Amino acid sequence: MRITDTSDLWWKTAVVYCLDIETFMDWNGDGHGDFEGLAHRLDYLSELGVTCLWLMPFFPTPDRDDGYDVTDFYSVDKRLGHLGDVVELIRSAKDRGIRVITDIVVNHTSDKHPWFQAARSSKSSPYRDFYVWRDKPPKDAPASVFPGEEDGVWTLDERTNQYYLHRFYHHQPDLNVANPKVREEIGKMLGFWLELGFSGFRVDAVPFFLPDEGFSDDHSDPHDYLRELRELVSRRRGDAVLLGEVNLPYKQQLTYFGGRDGDELTMQFDFEAMQRMYLSLARSDARPLARMLAKRPPIARKSQWANFVRNHDELTLDKLNDAERQEVFDAFGPEERMRVYDRGIVRRLPPMLDGDPRRIRMVYSLLFSLPGTPVLFYGEELGMGENLDAGGRLSVRTPMQWTDSKNGGFSTARRSRLPNPVTEGGYSPAHVNANAQRHDPDSMLSFMQLLIRRYRASAEIGWGELTILKQPHAGVLAHRVTGPLGSMVALHNFTAEPVTVPLTIDEANGDTRLVDLLDEETTMTAGDGTVTLDLDAYGYRWLRVLNPGSRRLS
Ligand code: NOJ
């Protein structure tokens, strides 16, 4: 590997930042965030160290699933701006060294999309086969993704007396992706946004839209289609990525990467490790996370894991067994209103950890030190909390908190016009806001900047191989990432007790220095590569392994 590879395969060392235009910054004072508002905040994002923005859906929408219900794949919801604003944003972001990707939702449309309107008008509509219809709902239908909100995945359309498929809400009919005409439309749509300058897509609900669950007459290998999509995207723009939402066990995720060939999704979120991290936090025991990380399958050089602490949905715990899930519920979501779908929590991290800055910082230190690419959800850099009054998944989608003034500086509009309520109480803008934190060297924001700077200067995190280091403390995760450009050891203490951690560093000798990247300390290893390192309660350390003659900056 050459240092210049880090720019060709930019996503392997990126810092991805997810935001919803609607709740980020309102520039025209109508209560809704807009593209112009975001453009005014690019310098903030660049100062933070973000290198890739992921925009949640901004397309025209009836907004019954926060924009994931699209009525026009080629346009911008007029509350947020127009196509010209999109191009201006991408251009200005590029000037700050920031790429932009967008959510793309091809599993379904809104039921108000002209395709579905035409499809449901008559069985002979040319758009009928854009969706999946049955005379009777099949007996072995899977459960809805939204239990409690939807009874099933087939809904009767009375006009034509057939049932249509919807794996999500009933107002989100599933597209029939086996239909070549639908595939052609998807291809055109991806091409359109790439042409406007996007660097790729966060692909919504990937396993659902591939024709692999017995809903279609197409029995071809679903991965052939994913490969086709990747090929198309790469032909149009060589550096474009597909960041896929695939909440499946590692073994299956490997197939969505295209196995060791890496010719399907470029990146996938690591839902498995994320869920074990919360179990580890609940137990003050790093082993569940360590065990899961050790199971990560090796992936192709150009593929990448996307690590995250929190996203815009419920914090899903669907991969834990019932008892484990209950432990996490008891620790972090003790009240009914904090949970959803019997599998997830609708809170943000800081309130779950009772606002303990040591624990919160330990978790983000972990996020940036794990092999892969970190993905932040807006406001995490400030330690924003949730507003449970917003209800369900909306609790974590409150307006970004810029200042301590009206509406947290997000909008000058009347409160009642905002899409979601601003967070109140101890996490309100009076206590948590970007403006104050920018001027405070000890703030969460300043800490996040430091982590990002160190992460960006440590390509081994994005490129390296992971080793879980042996040491005697169940509450400590000690891991090492080693790549062609260097090696780093990271320690994270999940417990409230300070500890001393004995380690053996392979290939180290009496002249090896361990340089603390987050502090001012340097430790020498003994001749046999052993060393003991102190960790505070909920402490964290990143140590660059430097052998004599290394030309790396510490
Ligand atoms: C996954 C998205 O993350 C979620 O927010 C959305 O509701 C569903 N897909 C349906 O589009």
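At what angle do the axes of helix 7 and helix 9 cross, and within what distance do they come? They cross at roughly 30 degrees and come within 10 Å. The axes are lines fitted to C-alpha atoms over the stretch in contact, with angles from 0 to 180 degrees between N-to-C directions. Helix 7 is therefore roughly parallel to helix 9 (angles under 35 degrees). The crossing is right-handed, meaning that the near helix is turned clockwise from the far one by less than a right angle.

This is a predicted model: local features need pLDDT of at least 70, side-chain atom pairs count only at pLDDT 80 or more, and totals for chains, interfaces and linings use all residues. Residues are numbered from 1 along each chain as its sequence is written, and side-chain values use heavy atoms, without hydrogens and water.

The table lists the residues in contact (heavy atoms within 4.5 Å).

| Helix 7 (residues 180–196) | R183, I186, G187, L190, G191 and L194 |
| Helix 9 (residues 222–236) | Y225, E228, L229, L232, V233 and R236 |

Seven of these residues are nonpolar, two polar and three charged. Gly counts as polar.

Buried residues (under 20% relative accessible area, 1.4 Å probe, protein chains only) in helix 7 include V182, E185, M189 and W193. Their cover includes helix 5 (83–95), strand 3 (99–104) and helix 9.

P297 lies in the loop between helix 12 (287–295) and strand 10 (304–308). At 15% relative accessibility, P297 is buried. P297 touches Y250, L254 and W305, leaving aside residues up to four places away in sequence.

Terms used. Helices (H or I, at least four residues) and strands (E, at least two) are DSSP runs, numbered from the N terminus. Angles under 35 degrees count as roughly parallel, over 145 as roughly antiparallel, 65 to 115 as roughly perpendicular and the rest as oblique. Buried means under 20% relative accessible area, exposed over 50%, partly exposed in between (1.4 Å probe, protein chains only).
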